[in-house]
Amino acid sequence: MLIGKVVGSVVSTRKDEKLENLKLLVVQVHSHANEPKDAYVVAVDSVQAGLGDMVLYATGSSARQTTLTDAKPCDAVIMAVIDSWDLGGENVYEKWA
Amino acid sequence: MLIGKVVGSVVSTRKDEKLENLKLLVVQVHSHANEPKDAYVVAVDSVQAGLGDMVLYATGSSARQTTLTDAKPCDAVIMAVIDSWDLGGENVYEKWA
Amino acid sequence: MLIGKVVGSVVSTRKDEKLENLKLLVVQVHSHANEPKDAYVVAVDSVQAGLGDMVLYATGSSARQTTLTDAKPCDAVIMAVIDSWDLGGENVYEKWA
Amino acid sequence: MLIGKVVGSVVSTRKDEKLENLKLLVVQVHSHANEPKDAYVVAVDSVQAGLGDMVLYATGSSARQTTLTDAKPCDAVIMAVIDSWDLGGENVYEKWA
Amino acid sequence: MLIGKVVGSVVSTRKDEKLENLKLLVVQVHSHANEPKDAYVVAVDSVQAGLGDMVLYATGSSARQTTLTDAKPCDAVIMAVIDSWDLGGENVYEKWA
């Protein structure tokens, strides 16, 4: 998994029928030091993440292991909203700070 | 998934029999700010995308989860034509603008 | 899938038994504008491609979806020889030109 | 697999239910010469790794082949704590040195 | 698959039980022109490769298609020792030269 920030959303009407009712969010990848990187992914939201939330996303076949994404043409899923993380014992990010 | 623009198509006569009647499109990868990147993919079209359309594509085993691509030697599929997307509340792309 | 050019072949005697009788070709990756890139893959040939042919190859589990590669430890397969492709309506490559 | 160092951990309350009770560690990727690289992954810990341990992690569908991660939306798992490794007969890393 | 050179090995006592008795080798990735690249992988050896051997390795789910690696948390396997390869009809590498 990688850490990312929810920065937007995508709207699509003409899509594979299995994708109906799935929320597609734009996630900007962050480094483990919490710096934004020049990379993004569009991921299905399985945890009701909101704009600005720091999240974990999984890719590949693992992205189809949630109830919401099972057997769907989806290669990225947000499966956790991050509360906090630390590096070497130092807090790097704290959602409720 | 990543965002891309349909920029061309590929013709092949000698190919695996499972690929008969599949449309193969050249998709240029775009950043989430809608800038073209130096990367592309050739993807099976499952949503009748047209030249110039902004699309979402899925890769890996997830590319075989559409009815059209099931069990086929295909590692990329266009599974949505994008209507619009936004970043931080600002519209970045609008198909019908 | 990506576009590549067949530039060589690999010979191996000591290999997994499932790989017996598979032709292993060296494919140089090309850009969609048909420029050679600094990247390659060794792929199983499922379409009798020849030296110099422009081909499409699939990677990952999708590379095991041909009759030839089913259930084999192979992560790249050539599944199409390209006749031609175009970008923005302009022909980029034509096999029989 | 790649070699990495456990440098931190991630806490998440709102997550896919299948992820309950899994420890999520931040792993910094190292080169085979044991230099830290500018890359990381958040991986499920299946071997009770500790802060500072050098570990091996597997990604993709292979990350779901441990008892702990089976069928879960997890694309990276720590499946070994490294005792030592060598390059060209020279010891590069020794846990108990 | 990619071409690599066996440059070392990894020792681990605390690991997933499915990995018992598997040899873990450090493989440095080479270009198709046989130049070492700044990339490596730790792969399970399924063909009794030795230090200095040029090999082919497969990654992802394809790495679990050998008898040795079936259903194991392993994302890279050496499935062939290379005898020779050529580019454009010119020999690049010859094991027995």
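This is a predicted model: local features need pLDDT of at least 70, side-chain atom pairs count only at pLDDT 80 or more; totals for chains, interfaces and linings use all residues.
Residues are numbered from 1 along each chain as its sequence is written, chains are lettered from A and ligands numbered from 1 in the order in which they are written, and side-chain values use heavy atoms, with hydrogens and water left out.

Back to D:Asp70, then. You'll find it in the loop between strand E4 (54-59) and strand E5 (76-81) of chain D (strands are DSSP runs of E, at least two residues, numbered from the N terminus). Its C-alpha is 9.7 Å from that of D:Lys18, 52 residues apart along the chain.

Now chain A against chain D. Here 30 residues of chain A are in contact with 31 residues of chain D, contact being heavy atoms within 4.5 Å. Together they bury about 2,400 Å², 49% of it on carbon and sulfur atoms (that's accessible area, 1.4 Å probe, lost on putting the two parts together, summed over both). On the chain A side, A:Met1, A:His32 and A:Gln65 lose the most area, together 29% of what that side buries.

How many salt bridges are there across the interface of chain A and chain D? The count is 0, taking a side-chain nitrogen of Lys or Arg within 4 Å of a carboxyl oxygen of Asp or Glu. By class, the chain A side that touches chain D has 14 nonpolar, 12 polar and 4 charged residues (Gly goes with the polar ones; charged is Asp, Glu, Lys and Arg).

There's strand pairing too, which takes at least two DSSP bridges. E6(A) and strand E1 (residues 2-11) of chain D run antiparallel, joined by 4 bridges. One of the partners: A:Leu87 bridges to D:Gly8 in E1(D).

Next, chain B against chain A. We have 30 residues of chain B in contact with 31 of chain A, and about 2,400 Å² buried, 50% of it on carbon and sulfur atoms. B:Met1, B:His32 and B:Gln65 supply 29% of the area chain B buries there, more than any other three residues. Salt bridges: 0. And E1 of chain A pairs antiparallel with E6(B) over 4 bridges, with A:Val11 partnered by B:Ser84.
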